[in-house]
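Subject: Structure handover

Hello,

Here is the structure I promised to pass on. My notes follow below.

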Amino acid sequence: MKKKRLKNLTFIFIICLLIGCINAEQNNKDEVIPLQGKESAWAIYDSDPNHVWNRVFRQLYQRTADGKEYGFNELDPLLWFDTTYMFTEPFYQQTIDVLDEFLNTNGETLINDPLKRAMFQRDMWAVFDWLIVREWEYASQSLELQSRLSQIIKRVALSKEQILSLPNNYKQAVEAKIFPTDFQAQYPENAYLPVDLFEANSAWVPLSREDAPIVITHTTSSPFLGRSVFLVFIRTPNGRQGTLDFITSLQTQSQPITPIGTETTLVRRMLLISNQGDLVLSPLFEKIQIRRFNPEQTFYEFELNRNYLFKNIAGGFIPKKEIFSLFMNHGDEFENNRRPELKTTIPNICLSCHYDYPSTAISGNTQSIISYSRHNFPLSENETLNLLVGDWNSEFQKVIAWKVKHKTWMSLTSFWNQ
Ligand code: HEC
């Protein structure tokens, strides 16, 4: 009895330590997991860092600079359009060896937890798609890697039912009650996670447009490439009707006003491939980005962290202050030697695209709502923007329609069907 209580207390203590890290992180840097040694940071899929799943993950996600290791805490692999290290020796052969070890020893049988299998598939798929868009160089090495990764992606695939039964980690994050749920006027830099974002009839209204994904640029660009479904939400301080009126004003008025306190979110949700080879929209949320017009803007981001997700801590969400620039960027930050500032900070990175234009903060900032204004990201000539109220399923269908025609999916399915 005593032993059990002690064990429980130890458990609570560890959780408190971890949660403490999450809260503290709102002020600190993103390296939140205390590292006893470098190995332990990579003990993500199993407590043994030497487990073949951990070694595969580390081989593909680890980058180093100035003796420091990066990648274990990153949602997306640190791979850019011009990255070369993946194809050069001795790294390339090491990768082939560890992937072969996984395949030859039936590594997929070692872990049954559906959540880990889902994440692992997602992690391998991200590297596979990168290889396809990077294909203009190193074709033969790339093909060897693609062939092995596609087999792993297939072998760890879950059934559609299993994917749909994965946890809704946004709900878990809200229920954990760790993060503020609304803008903190006294601490405007603190990230918050709205509780009613996905509730029907809440003041948050999801946006959509006919025919194509509302979030067309992210969907069709690296590193996303149609492996996630995005949805944009808008909320004004004037309730649901006020928000609907604001959306109408965006389309009918030439100089619409963004009410002070208006917020927009960009939500990224994970797609997975079922064991039948179908794309399935999972209940897992990967990223939440929030902008608030005070009227000057504040920016927030929560990202999925594998360690916290697997330990069931706040749905795996952590607030980010610094990020690697992977979307619309200047190329590999490690190989191009842009040290020591490898990461860019929020809000600077966000402002590089969502700047107030013109700088009259109140009336001008609708231009910074890019899914509406398309400022600097114009649609193609024959496309029109007719804003509608959206939903996950219709965005999912539009993403599938794009993905199945893309070379990343065509290559993967041709390996899959071999
Ligand atoms: C490289 C340019 C770029 C950067 C950097 C960027 N965004 Fe965006 N963002 C976009 C584009 C483009 C869209 C419109 C959706 C689409 O088509 O992909 C968008 C949409 C959004 C939306 C939905 C509302 C809207 O404006 O359309 C939010 C919220 C958002 N971004 C938040 C952020 C946050 C927070 C950051 C910083 C962490 C950030 N963005 C950094 C380009 C960028």
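The shell around the ligand divides into 17 nonpolar, nine polar and three charged residues. Here Ala, Val, Leu, Ile, Met, Phe, Trp, Tyr, Cys and Pro count as nonpolar, Asp, Glu, Lys and Arg as charged, and the others, Gly among them, as polar.

This is a predicted model, so local features need pLDDT of at least 70 and side-chain atom pairs pLDDT 80 or more, while totals for chains, interfaces and linings use all residues. Residues are numbered from 1 along each chain as its sequence is written, and side-chain values use heavy atoms, without hydrogens and water.

In total, 29 residues surround the ligand (a heavy atom within 4 Å of it). The closest are H218, C350, C353, H354 and S371.

Now the backbone. Most residues other than glycine have a negative phi, and most peptide bonds are trans. N106 is not a glycine, yet its phi is positive, about 50°. The bond from S222 to P223 is cis, with omega near 0°. Another cis bond joins N294 and P295, with omega about 10°.

Last, confidence. The chain averages a pLDDT of 89, and 88% of the residues score at least 70 (pLDDT is the predictor's confidence in each residue, from 0 to 100). Over residues 1-36, the pLDDT is below 50.

Best wishes

Technical notes: Contact means heavy atoms within 4.5 Å.
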